[in-house]
Amino acid sequence: MRFEERVLMDLKAEIERRAARRRRHRRLYTGGAVAAVAAAVTLAVPSLTVAPAYAVSTNADGTVRVEINEFKDADKLERDLMANNVRADITYLPPGKLCQSDRGKKRPDGGPPPMSVASNAVARIRRGGGLDINPRLLGKDETLLLVFSGQSEYPADWPKDKPRWVMKADIVVGPVAPCVPVDNPSYYRVHVPPTDLPTH
């Protein structure tokens, strides 16, 4: 067997192994992060497409859909949301952490909830994965804060009653203070609800 053929066979086997590992991971919104395979050999090998960290699209009703595959590129996601009339502050934190509670002036009580499965939420949790954000429910000086604590991927044998990640949302009027990570003692005591979307 020629060297090039062995390399191609090894590359194909590695792709299949990684694809099997990805299938074992449970979905984070629309799926787990996709890994790339690189070979240090100059051959005419088809390119391998890496899934983006997130996707932003607009719905027919004017809401903005966000689907996250990997916890990275928060600044770029913020810019893409701003281009769709959504002022957002995105933060990714390691497991067991959250931002300090006081990051700015809270909006008055009685308005739409920052995030829930309800249709009147600023960020509606889709049971099929992702968030639908309604720009019309955000005031001109309001910012939607979205904080994700956890990891993009976990082993296939991760306990089903333990959170892979925890998502929290809030709305701030005016300037937003930077996130200062603090311990979240309740992180590992969060029970995963039936929707498979751990929130608090």
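Which residues point one way from β3, and which the other way? A88, I90 and Y92 point one way from β3, D89, T91 and L93 point the other way, and all are buried. Here, buried means under 20% relative accessible area, exposed means over 50%, and partly exposed lies in between, with a 1.4 Å probe and protein chains only. The structure is a predicted model, in which local features need pLDDT of at least 70 and side-chain atom pairs count only at pLDDT 80 or more, while totals for chains, interfaces and linings use all residues. Residues are numbered from 1 along each chain as its sequence is written, and side-chain values use heavy atoms, with hydrogens and water left out.

Strand β3 covers residues 88–93, and because six of its six residues are buried, this strand is largely enclosed by the rest of the structure. Strands (E, at least two residues) and helices (H or I, at least four) are DSSP runs, numbered from the N terminus. Two strands pair if DSSP finds at least two bridges between them; β3 and β9 run parallel and are joined by six bridges. Within this pairing, I90 stands opposite L146 in β9.

The aromatic residues come next. Rings of Phe, Tyr and Trp (its six-membered ring) pair if their centres lie within 6.5 Å; planes under 30 degrees apart count as stacked, over 60 as edge-to-face and the rest as tilted. By this rule there are three aromatic pairs. In one of them, the ring centres of F71 and F148 are 5.7 Å apart and the planes meet at 40 degrees, so the pair is tilted. F71 lies in the loop between β2 (64–68) and α2 (74–82), whereas F148 lies in strand β9 (residues 142–150), so the pair ties together parts that are 77 residues apart in sequence. F71 counts as buried at 15% relative accessibility, and F148 is buried at 1%. Ring pairs link F71 and F148 with Y92 in a cluster.

Charged side chains form another set of contacts. Side chains of opposite charge can pair when their charged atoms come close. A salt bridge is a side-chain nitrogen of Lys or Arg within 4 Å of a carboxyl oxygen of Asp or Glu, and a search of the whole structure finds nine salt bridges. D80 is partly exposed at 27% relative accessible area, and K76 is partly exposed at 41%. Elsewhere, R65, R124, R126 and D132 are linked in a network of salt bridges.
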